[in-house]
Amino acid sequence: MDNFKPKFTDVNTLGEFGLIEKLTENTVKYHTSTVKGIGDDAAVINYGDAYMVMSTDLLIEGIHFDLMYSPLKHLGYKAVVVNLSDIYAMNAVPTQITFSIAISSKFSVEALEELYLGINEACRIYNVDLIGGDTTSSTKGLSISVTAMGQVKKEKITYRSGAKVGDILCVTGDLGAAYLGLQILEREKQLYVSSPGIKPDLEDQKYLLERQLKPEARKDSIKYFEKEGIIPTAMIDVSDGLASDLMHICKASGVGAYVEEGKIPIKQEAELMAIKFRLDPATTALNGGEDYELLFTIDESDLEKIKYMPDVYIIGEITEKKEGLKLHTTGGNIHPLKAQGWNHFDEEATGQN
Ligand code: ADP
Ligand code: MG
């Protein structure tokens, strides 16, 4: 007994996705109404004629947001929007949210009212109802949990798992800007901390900062699909970065893919700022994250329809699983596409094991 030492495995050894897989490997589905549980942008529940989709996120001060540069109003707005993005990623329309907070005594009523101004603004713009939540105290800082619900006709639901060889790989909007916005905010914070008298130099970086502090979800894209009768074969929202999120599609669909570096949409502001930070613009677009654009695949036969979609870019194609994930560089080379950080995923998705 005295020698008994409980096993202690550091959670970092598995990575986020490995950890989720391990913790949920014994999860049992007791209801046939649970159409899709863990493993996509949102869960799918059979709701008679339609599917209800549901997604939840937890945001912790100091980890997911920094109140030194995130105004509470923007934070409330962003917390809602990033959840709605997961609903859109299922080709669904969001309808309700719940919003829960844990607050320490440093927060005033006025500060929390600011947070709710942002929440209400997001609800107005995205046409969703705030229907509940929970409020508790915390020993330190602010924690937020948002759950979003939405609806989709059964035949239109889009999983990560439907991509097939020959499908066209598309992304909405531009990539990398949110990450660069964060780099600017972090840089100015460091400067401010070391010399508080200095006024932050943020004036001419409105686009990059807005992409970080006040992102939008692609409700327009879902509307376009509906109008044009397009059902993507697979879809995910770009929260972790194009490379990592494409790997999720490839892993779930059992396919490979290539991305053409020259076709990755990067705004000029982002390109210039990346260079200023001595970063490769394409790498920031591939690995930056928090863009909340939609990465999706369509059948070849939908190519004509997609050509006229506003703000969409064709960036590659789905290939056989054995081809793995590849980047076709502007210089004409072919490299394995790696998502930074999640090694065990890389091996599986690039078919190297
Ligand atoms: P996203 O980036 O789209 O929000 P995540 O990477 O957070 O998705 O989660 C991937 C999948 O794992 C989702 O289906 C999510 O609901 C599920 N999941 C995440 N954390 C847990 C957990 N602690 N317990 C059960 N399921 C989880
Ligand atoms: Mg997602």
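Modeller: Here is the site, taken piece by piece.

This is a predicted model, where local features need pLDDT of at least 70, side-chain atom pairs count only at pLDDT 80 or more, and totals for chains, interfaces and linings use all residues. Residues are numbered from 1 along each chain as written, chains are lettered from A and ligands numbered from 1 in written order, and side-chain values use heavy atoms, without hydrogens and water.

The shell around ligand 1 holds Glu16, Phe17, Ile20, Thr24, Ile38, Gly39, Asp40, Asp41, Asp57, Asp86, Arg160 and Ser239. Each has a heavy atom within 4 Å of the ligand. By class, 3 are nonpolar, 3 polar and 6 charged. Here Asp, Glu, Lys and Arg count as charged; Ala, Val, Leu, Ile, Met, Phe, Trp, Tyr, Cys and Pro as nonpolar; the others, Gly among them, as polar.

Helix H1 (residues 15-23) gives the most to this shell, with 3 residues. Helices are DSSP runs of H or I, at least four residues, numbered from the N terminus.

Now the polar contacts (pairs of N or O atoms within 3.5 Å). A polar backbone atom of glycine 39 sits 2.7 Å from a ligand 1 oxygen. For aspartate 40, a polar backbone atom is 3.2 Å from an oxygen of ligand 1. Aspartate 86 uses a polar side-chain atom, 3.1 Å from a ligand 1 oxygen. On its own, ligand 1 has 560 Å² of accessible area, and the protein covers 63% of that. Accessible areas come from the Shrake-Rupley method with a 1.4 Å probe.

Note on methods:
A polar contact is a pair of N or O atoms within 3.5 Å; within protein, one must be able to donate a hydrogen and the other to accept it, and residues adjacent in sequence count only if both atoms are side-chain atoms. Helices (H or I, at least four residues) and strands (E, at least two) are DSSP runs, numbered from the N terminus.
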